[in-house]
Amino acid sequence: MKIKFIIVGAGNRGLGCFAKGLTGFKDSGPPEFQARSELVGLVDSNLLRGQACAKEVGCSIPVFRDVASAQKEVKADWCIVASPDFTHGNVTIAALESGLNVLVDKPLATSAWECDQIIAAMRRTGREVRVGHNMRYHD
């Protein structure tokens, strides 16, 4: 069974660092990503940008304005947060409260208070959060 992902943020990080790898865009991402994972939804405050991202990777997936609406419809396992840094705290908590595990592209949040709120949401929901650091500009 494939692991289902929602990506929040259809900009450079969401598209280039995550969506293309999950979908096998022009042979990007290891083949095991496509064998074990499925991109089932995109979330972006700008629906046109989200639709352009889906078109870019050649997927016919729904686009939403918020993670709760996305999860209600697509029932994913994980949420990848690749939105602007100042949104990470609120988006991560919303994803946890929607029943998702979360991979946040660094930083986890922009304040210690937000980090504490995320930890509390993890404990409350029993879900996990991981912080990743992509190497998008590494040669």
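The model is predicted: local features need pLDDT of at least 70, side-chain atom pairs count only at pLDDT 80 or more, and totals for chains, interfaces and linings use all residues. Residues are numbered from 1 along each chain as its sequence is written, and side-chain values use heavy atoms, without hydrogens and water.

**Stop 1: the cores**

Select Ile6, Val8, Cys79, Leu100, Val102, Ile118 and Val129. Within the largest nonpolar core, which has 23 residues, these touch the most other members. A nonpolar core here is a set of buried Ala, Val, Leu, Ile, Met, Phe, Trp, Tyr and Cys residues joined through side-chain atoms within 4.5 Å. Buried means under 20% relative accessible area, exposed over 50%, partly exposed in between (1.4 Å probe, protein chains only). Elements that each supply at least two residues include strand 1 (3-8), strand 2 (37-43) and helix 6 (112-125). Helices (H or I, at least four residues) and strands (E, at least two) are DSSP runs, numbered from the N terminus. Helix 5 gives the largest share, 4 residues.

Now centre on Leu100. Beyond its neighbours within four places in sequence, Leu100 is in contact (heavy atoms within 4.5 Å) with residues including Ile6, Val67, Trp78 and Arg127. Next, pick Phe5, Leu15, Leu22 and Leu39. They are among the 17 residues of a second, separate core.

**Stop 2: helix 4**

Select Val67, Ala70, Gln71 and Val74, the buried residues of helix 4. Look down the helix axis: they fall within an arc of 95° (taken from the directions from the axis to the C-beta atoms), so they line one face. Their packing partners are strands 1, 2, 3 and 4 and helix 5. Turn to the face away from the buried side for exposed Lys72 and Glu73. At the helix start, a side-chain oxygen of Asp66 comes to within 3.2 Å of the backbone nitrogen of Ala68. Just past the helix, Lys75 has a positive phi of about 55°.

**Stop 3: the salt bridges**

The whole structure holds 6 salt bridges, each a side-chain nitrogen of Lys or Arg within 4 Å of a carboxyl oxygen of Asp or Glu. Show Arg13, Asp85 and Asp105, a linked network. Arg13 to Asp85 is 2.9 Å, N to O. Arg13 to Asp105 is 3.3 Å between the closest N and O atoms. Arg13 is in helix 1 and Asp105 in strand 5, so this pair ties together parts 92 residues apart in sequence. Arg13 is buried at 12%, Asp105 is buried at 3%, and Asp85 is partly exposed at 30%.

Finish at Glu97 and Arg124, with closest N and O atoms 2.7 Å apart. Arg124 is exposed, at 53% relative accessible area.

Notes:
A polar contact is a pair of N or O atoms within 3.5 Å; within protein, one must be able to donate a hydrogen and the other to accept it, and residues adjacent in sequence count only if both atoms are side-chain atoms.
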